[in-house]
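Please read this briefing alongside the sequence and the coordinates.

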Amino acid sequence: ETITIDMIKYSLDENTHTATVVDVVKDRGWGDNSSITEANIRSSVTYKGTSYRVTKINNYAFLECNRLQTVSIPNSIQTIGKGAFRRCTALTTVAISAKEIGEEAFQDCTNLQYITLNEGVTKIGENAFWGKFTSITIPNSVTVIGSGAFKAPQLQSVKFGTGIRRI
């Protein structure tokens, strides 16, 4: 079953009572993925009296949402899929607690200026972040960082946590 709340589509798993963000409501116009400007992803959704914990953002769920300026990612999210926010060119700020950030998750987010990676993040995929940010702090919980994970021409400072095992 798939439900839509605030332009965000959630796929429900009745066996595990979890939900996955799978897509956004699309515009019918040419050349624009969605008119969504703010995404407040819920930590849980309720459907027919049953509560579902939102644990994942699917691959390419917000691909090319070029009007998306802010996104709120709850602590319930464990995985951000490959290319989940790819080419969200208006996105400027993101805070993440998800355990795993997929490859190219925020690739081509050319105006991304502020990234907060909270304790709990363990893996950052290849080419995960591209933007205008000038510094990044890697929390101690991160053990793996993929190739080219942080691409920003203005990047001046990277602070590494103590848990990194593989870059």
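This is a predicted model: local features need pLDDT of at least 70, side-chain atom pairs count only at pLDDT 80 or more; totals for chains, interfaces and linings use all residues.

Residues are numbered from 1 along each chain as its sequence is written, and side-chain values use heavy atoms, with hydrogens and water left out. A search of the whole structure finds five salt bridges, and the structure also holds five aromatic pairs.

**Salt bridges**

- A salt bridge is taken here as a side-chain nitrogen of Lys or Arg within 4 Å of a carboxyl oxygen of Asp or Glu.
- One of these contacts joins the side chains of arginine 42 and aspartate 6, at 3.3 Å from N to O; arginine 42 lies in the loop between strand E4 (38-40) and strand E5 (44-47), aspartate 6 lies in the loop between strand E1 (2-5) and strand E2 (8-13), and the two residues are 36 residues apart.
- The strands named here are DSSP runs of at least two residues, numbered from the N terminus.
- Arginine 42 is partly exposed, with a relative accessible area of 36%, whereas aspartate 6 is exposed at 52%; buried means under 20% relative accessible area, exposed means over 50%, and partly exposed is in between, with a 1.4 Å probe and protein chains only.
- Arginine 87 meets glutamate 64 in a salt bridge of 2.5 Å, N to O, and because arginine 87 is in the loop between strand E8 (79-80) and strand E9 (93-96) while glutamate 64 is in the loop between strand E6 (50-57) and strand E7 (70-72), the pair ties together parts that are 23 residues apart in sequence.
- Both partners are partly exposed, arginine 87 at 32% relative accessibility and glutamate 64 with a relative accessible area of 34%.
- Arginine 87 also meets aspartate 108 in a salt bridge of 3.9 Å, N to O, and this pair links distant parts of the chain, since aspartate 108 is in the loop between strand E10 (100-101) and strand E11 (114-117), 21 residues apart from arginine 87.
- Glu64, Arg86, Arg87, Glu104 and Asp108 are linked in a network of salt bridges.

**Aromatic and cation contacts**

- Rings of Phe, Tyr and Trp (its six-membered ring) pair if their centres lie within 6.5 Å, and planes under 30 degrees apart count as stacked, over 60 as edge-to-face and the rest as tilted.
- Phenylalanine 85 and phenylalanine 106 form a stacked pair, with 4.9 Å centre to centre and 5 degrees between the planes; phenylalanine 85 lies in the loop between E8 and E9 and phenylalanine 106 in the loop between E10 and E11, so the pair ties together parts that are 21 residues apart in sequence.
- Phenylalanine 85 is buried, with a relative accessible area of 0%, and phenylalanine 106 also counts as buried, at 0% relative accessibility.
- Phenylalanine 133 and phenylalanine 150 form an edge-to-face pair, with 6.5 Å centre to centre and 85 degrees between the planes; phenylalanine 133 is in the loop between strand E13 (129-130) and strand E14 (135-137), and phenylalanine 150 is in strand E16 (residues 150-151), 17 residues apart.
- Phenylalanine 133 counts as buried at 0% relative accessibility, and phenylalanine 150 is buried with a relative accessible area of 18%.
- Ring pairs link Phe62, Phe85, Phe106, Phe129, Phe133 and Phe150 into a cluster.
- Lysine 151 lies over the face of tryptophan 130, at 4.2 Å from the ring centre, where a charge sits over a ring if NZ of Lys or CZ of Arg is within 6 Å of the ring centre and within 35 degrees of the ring normal.

**Strand pairing**

- E2 and strand E3 (residues 18-24) run antiparallel and are joined by six bridges, two strands being paired if DSSP finds at least two bridges between them.
- Lysine 9 stands opposite aspartate 23 in E3, and in the hairpin of E2 and E3, which has four residues between the strands, histidine 17 takes a positive phi near 55 degrees.
- E3 and E6 pair in the parallel sense over four bridges, with threonine 20 standing opposite lysine 56 in E6.
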